[in-house]
Structure formats: C-alpha cells, structure tokens
Amino acid sequence: MGSSARNRALRAAAGGGIDAEAVVAEARALGVMGWVRPAGEVHAEGAPDAVEALVAFLGEDVPTERARVEGHEQFAIRGVSAGVFVVQEHQATAHHYDFRLEVDGVMRSWAVPKGPSLDPAAKRLAVQVEDHGMGHNDFEGALGDGGVIIWDRGTYEQGGRVAWPEALERGHAVFVLHGAKLRGGFALQRTQGGAKPQWLLIKRKDDEARPGSDITAERPESVVSGRPLAVARPSSGPPARDAGRP
Ligand code: MN
C-alpha cells in the first residue's frame, strides 16, 4: 500500500450483473483495496491512478462519487454469506448464551452471560471459549442438570477492513447477521487476552438496531421448537447459589 495520505477512495455503482470475482482479481492486480457487492456497488481506495483504472475496468459511464478512505487492508466480496451462525441458550452452572460463528470449518465460540442485544448501547461481555464442531449447531435438549435451546441461527457476512480470520486474531471483527432474531451489523471487540479472552459483543448502529430493546426477554423461544428454555430445578441437594435472585 502507498502512503494513505495520498490515497483516494471512490464509490462506484456498476449495477447488477457485475462479475464480482473478476472485479476482485482486477483490484488485487492493481493493488486497490475495498470491496464489491454482487449488486454492483464498489468501494475502491488506494493510489489515485489505480483507483481510476479499476473504475475504468467496471465500464464506461459507471457513476462514481468520492468517498472517505477507510483504511481497508483487502479487496473483498461483500454481501455474500461467509457461513452460519448459531446462538444456543445454555442453562449450566451459570445461565449464558453461546454465540458461535463459522470460520474455516469450525464454530468460533463465545459465552455471553447476558445474551446478545439489538441495542447499540448494550456492550455485552463475551468470553471466548473453545471452538465447537459444526455438528453441535443442531443440538438442543437436556444437558447435564440444565439444557440447551437454539435461540437463534442463520447466516452471516464478514465485514470490516481486515480479512478474516486475521480480524479475529487482531481482536476486532465486524459482521452482519441474518438470523430470525439477530439482524444487521455487529462487532466483536477483544478487551482482554489470556487463557479466556474477554470480548464485547456490540450491535452496530444501522437499520436493524433497536435502541432500548431487550431481544432475549422479548423473544425467549427456541427457533426450532418455539418453546423457551426449561430452567432445570434441582430435585435434591443444596439450592443453587443464585437461588432467590430475581
Ligand atoms: Mn455453554
């Protein structure tokens, strides 16, 4: 990449029917960063000559407008599924939601004590846990003294300026969820490393954001059975440590 001070960014509207793979190949050959959507929108940034060359490649009379240089480190296809996500509500010793994203054939996983939120002001602690296999995504039922429901699931798109999985390794990953309950842009931001890295799961401000909402309370049901998680009550032994809490 050249000096970012000399870089320029353009948004182009090439229209549908664009060959996204060909645009990516050309951008990479030119050293241009940014993204292309199959619907035809292109964000190109880099050396002005290279950006102009990419726009010329898109065709004559493609409308363009100046854009902010965002510091992209890749040229990616946006608006396509990168895989599946699942959120499994899990009553174990502590109640939590397991948030899992498919990355390179495994499910990267975080335990979110309060669950995800559609409120951009709600920064939810997400403790990174071990990767799970794809086969676990379909599991709901009794587990130990508790149980698991599939609280939400769907597909997701990778976003941000940095390629995945490096974005996760660097501790800042942006993505778009297409679930039954969770929709729109989210970010995972690592706040603490170590054996059990801590992250924050944050809804980004977009058309799907719902300030002040509480999606886990509004929509407690399994997306598979339609029923909420049955909270197991121990039939014998000492009461749970958190018994009596609201
Ligand atoms: Mn769990």
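This is a tutorial dialogue on reading a predicted model.

Student: Let's begin with the overall layout. Which domains does the chain have?

Tutor: Keep in mind that we are looking at a predicted model. The domain assignment gives domain 1 (4-77) and domain 2 (83-218). Taken over C-alpha atoms, the centres of domain 1 and domain 2 are separated by 31 Å.

Student: How should I read a sheet, and what is the strand order in the open sheet of five strands?

Tutor: The general idea is that strands of a sheet pair through backbone hydrogen bonds, either parallel or antiparallel. Here the order of the five strands is 4-1-3-2-5, with mixed pairing. Strand 4 (64-67) and strand 5 (75-77) are at the edges and have a single partner strand each, so one side of each lacks a neighbour in the sheet. From one strand to the next, the twist averages 15 degrees.

Student: Could you walk me through one pair? In which sense do strand 1 and strand 3 pair?

Tutor: Gladly. Strand 1 (residues 8-13) and strand 3 (residues 41-46) are joined by six bridges in the antiparallel sense.

Student: Which strands does helix 1 touch?

Tutor: Helix 1 (residues 20-30) packs on the sheet, where it touches strand 2 (33-36), strand 3 and strand 5. The direction of helix 1 makes about 175 degrees with that of strand 5.

Student: And which strands does helix 2 lie across?

Tutor: Helix 2 (residues 48-58) lies across strand 1, strand 3 and strand 4, and runs at about 155 degrees to strand 3.

Student: How do I read the faces of a helix, and which residues of helix 2 are buried?

Tutor: An α-helix has 3.6 residues a turn, so residues three or four places apart point the same way. In helix 2, the buried residues are Ala-50, Val-51, Leu-54 and Leu-58. Viewed down the axis of helix 2, these buried residues fall within an arc of 100 degrees, so they line one face of the helix. They pack against strand 1, helix 1 and strand 3. On the other side of helix 2, Asp-49 and Ala-56 are exposed.

Student: What follows helix 2?

Tutor: Gly-59 does, with a positive phi near 130 degrees. Further into the loop between helix 2 and strand 4 you will find Asp-61. Asp-61 has a positive phi of about 65 degrees, although it is not a glycine.

Student: Is Asp-61 buried or exposed?

Tutor: Count the neighbours: Asp-61 has 5 C-beta neighbours inside 10 Å, so it counts as exposed. Now try Asp-104, in the loop between strand 7 (95-103) and strand 8 (106-112). Asp-104 is not a glycine, yet its phi is positive, at about 50 degrees. With 9 C-beta neighbours inside 10 Å, Asp-104 counts as exposed.

Student: Which strands pair with strand 9?

Tutor: Strand 8 and strand 9 (residues 124-132) pair in the antiparallel sense over four bridges. In that pairing, Ser-109 has Val-129 of strand 9 as its bridge partner. Strand 9 and strand 14 (residues 198-203) also pair in the antiparallel sense, over four bridges. There, Ala-126 stands opposite Trp-199 in strand 14.

Terms used:
Residues numbered from 1 in each chain as written. Predicted model: local features only at pLDDT ≥ 70, side-chain atom pairs only at ≥ 80, totals over all residues. Domains from an automatic or database assignment. Pairing = 2+ DSSP bridges. Helix = DSSP H or I, 4+ residues; strand = E, 2+ residues; numbered from the N terminus. Axes fitted to C-alpha atoms, helices over the stretch in contact; angles between N-to-C directions. Contact = placed C-beta atoms within 7 Å. Buried ≥ 20, exposed ≤ 12 C-beta atoms within 10 Å, placed from the backbone. Arc of directions from axis to C-beta.
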